[in-house]
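Hello,

Here is the structure I promised to pass on. Please open it first, then read my notes below.

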Amino acid sequence: MTLFQLEFMQRALIAGLLTGLSAPAIGTYLVQRRLSLMGDGIGHIAITGVALGLLTGSAPVLTAIIVAIAGATAIELVRARGKASGDVALALLFYGGIAGGVLLIGLAGQGAATLNTYLFGSLTTVSPTDLYVVVGLAVAVLVVAVGLGPQLFAVCQDEEFARVTGLRVQLLNLVIAVMAAVTVTVAMRTVGLLLVSALMVVPVATAQQLTRSFRSTFVVACGIGVVACLAGIVTSYNADVAPGATIVVLALAGFVVAATVGTLIRRRQGRVAPLADEEPEIGVPEPVPHVVSAGHPHAHNPKCGHAAVEHGDHVDYVHDGHLHAAHGDHWDEH
Amino acid sequence: MTSPDTAAKAVQVADLSVDLGGRLVLRGVGLQIRQGEVVAVLGTNGSGKSTLIRTVVGLLPAARGEVRLFGTPVPRFRQWHRVGYVPQRLTAAGGVPATVHEVVSSGLLSERRLFAPLRASQKQAIDEALEIVDMAHRRKDAVAELSGGQQQRVLIARALVSDPELLILDEPTAGVDLASQQIFADAIRARVARGTTVVMVSHDLGPMDALIDRSIVLRRGRIVYDGPPHASQTHAHVHHSHGGEEPGWLS
């Protein structure tokens, strides 16, 4: 097959493989902390970094990573200070990032086409030097994401408890932010800055349709990320469309399938094993005493002439504007 | 009983004031808890009892005064493996599912080195902690699928797994069914028998009542009672005792 013999495709596939692994790896922590959109914000800020690189003539990957790390650190510090305006501060950074990027690109005299390759990914632009940088960064992210797994899990799961176990919570939060920034830069060449967040979040959302533990979610999400990236790159080559969009559309299709399958599985399990009655019922009030129809002389039956009304598991009879139901040897008002 | 002055102190609070958003929630609180004591911190909502506990474990800064754990001021305290903390509830059931086993294993982080997997003895400790709270059969289930009482039991197991010398519980029985409360009380009784110091904040002690050997009542950020527990204090609604020699509290 010629596709895998093309040098730029080999580079794109290697970059795609590493992106597919590292984006969901860090994404799992972001989703757990309910910061799914942080990747998106960092992506926007990185646009300014790329533009800065193009303007100054230095490597865009390098400037992107510096600006992305600075932005991610700023987001984390704003979040940690925890004032009510944190949400707004994040928005300001996002818009500042994209506006600054477009402005600087204009100053650099580069057209929209150059910017597009960074926004939506491009197969042909992964240079050998880019590849070395991408490999190095992705491996670093994976080593930290796996090696510090228990610590990062604890911080994302319950920050206060993590502090009381003596973990350096602020430092670990910064590690997560910096890893997210690095991942954004890694993914920039294949998925593009605008869609990188999708690759961090969608595989995780897909995985957790079918998993119950953090570890299996992590592993399955990375697997889904790799499959989506590689399949997306091959499809993108064959159909001549932007790889980022193809990868994300494939990942989303995977989510739809997993969500459907997950729902069906849960429904089946629910039917097979009804909820176990585990909690003893203590303090549950007695049912309200029933009202006995006083001295009811008449025994209703289907032929007595009183209209019969289905009422749950029994039949009521309409009698002078109220309902009578058989209860042992007497009749209740219903 | 050993004299208060010579026995080792687990918690020392001196002239502590805590400021939350510009309001003084604790005002000049002083407190000494000896090792092995079982102390209940009681008081109405807003009396400052959770604030006291959260300052003791270092989650809130002291505006004035000082908290010492095992003789070391909290900002410099590093031996967190000696402390087990049970927060009010699973504060952030994260966006990703996590199993009971995973949550409990995070209780071991204070003694776990970076980049190191769990040792066999640590795995055994997790299993034991899950047995104690009767959750071993649910170890592979996602915590989000559990009832409130079961989640609280998981949090207790997470605190017990490192075998702490000082156990600090923030409203462990709030919103928890009686069966779970009984399991807590049994788990904590076993620890107390081994000499663990216990400090718990509560509204309503329930089955824990019998374990308490000292109660502290807070009111508007100050300690208004510190001494042996009263029958009248163990319920959320505190009444005057009827004709007894003891005056009622917080009526």
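This is a predicted model: local features need pLDDT of at least 70, side-chain atom pairs count only at pLDDT 80 or more; totals for chains, interfaces and linings use all residues.

H11 itself covers residues 214-239 of chain A, 26 residues in total. From first C-alpha to last, the helix reaches 36 Å, close to the 38 Å expected at 1.5 Å a residue. Which residues of H11(A) are buried? They are Phe214(A), Thr217(A), Phe218(A), Ala221(A), Cys222(A), Gly225(A), Val226(A), Ala228(A), Cys229(A), Gly232(A), Ile233(A) and Ser236(A).

**Chain A overall**

Chain A has twelve helices and four strands. Of its 334 residues, 46% are buried. It exposes about 16,200 Å², and carbon and sulfur atoms supply 66% of that area. Among contacts in chain A with a separation of 6 or more, 69% join residues 24 or more positions apart.

**The sheet in chain B**

Four strands of chain B form an open, antiparallel sheet, in the order S2-S1-S4-S5. S2 (23-34) and S5 (72-73) of chain B are the edge strands, each pairing on one side only. S1 (residues 9-20) of chain B pairs with S2(B) over eight bridges, in the antiparallel sense. Leu16(B) stands opposite Val29(B) in S2(B).

Helix H1 (residues 49-56) of chain B lies across S1, S2 and S4 (64-69) of that chain. H1(B) runs at about 120° to S1(B).

Best wishes

Technical notes: Residues are numbered from 1 along each chain as its sequence is written. Chains are lettered from A and ligands numbered from 1 in the order in which they are written. Side-chain values use heavy atoms; hydrogens and water are left out. Helices (H or I, at least four residues) and strands (E, at least two) are DSSP runs, numbered from the N terminus. Buried means under 20% relative accessible area, exposed over 50%, partly exposed in between (1.4 Å probe, protein chains only). Contact means heavy atoms within 4.5 Å. Accessible areas come from the Shrake-Rupley method with a 1.4 Å probe; for residues, only the protein chains shown count as cover. The expected span of a helix is 1.5 Å times one less than its number of residues. Two strands pair if DSSP finds at least two bridges between them. Axes are lines fitted to C-alpha atoms, for helices over the stretch in contact, and angles run from 0 to 180 degrees between N-to-C directions.
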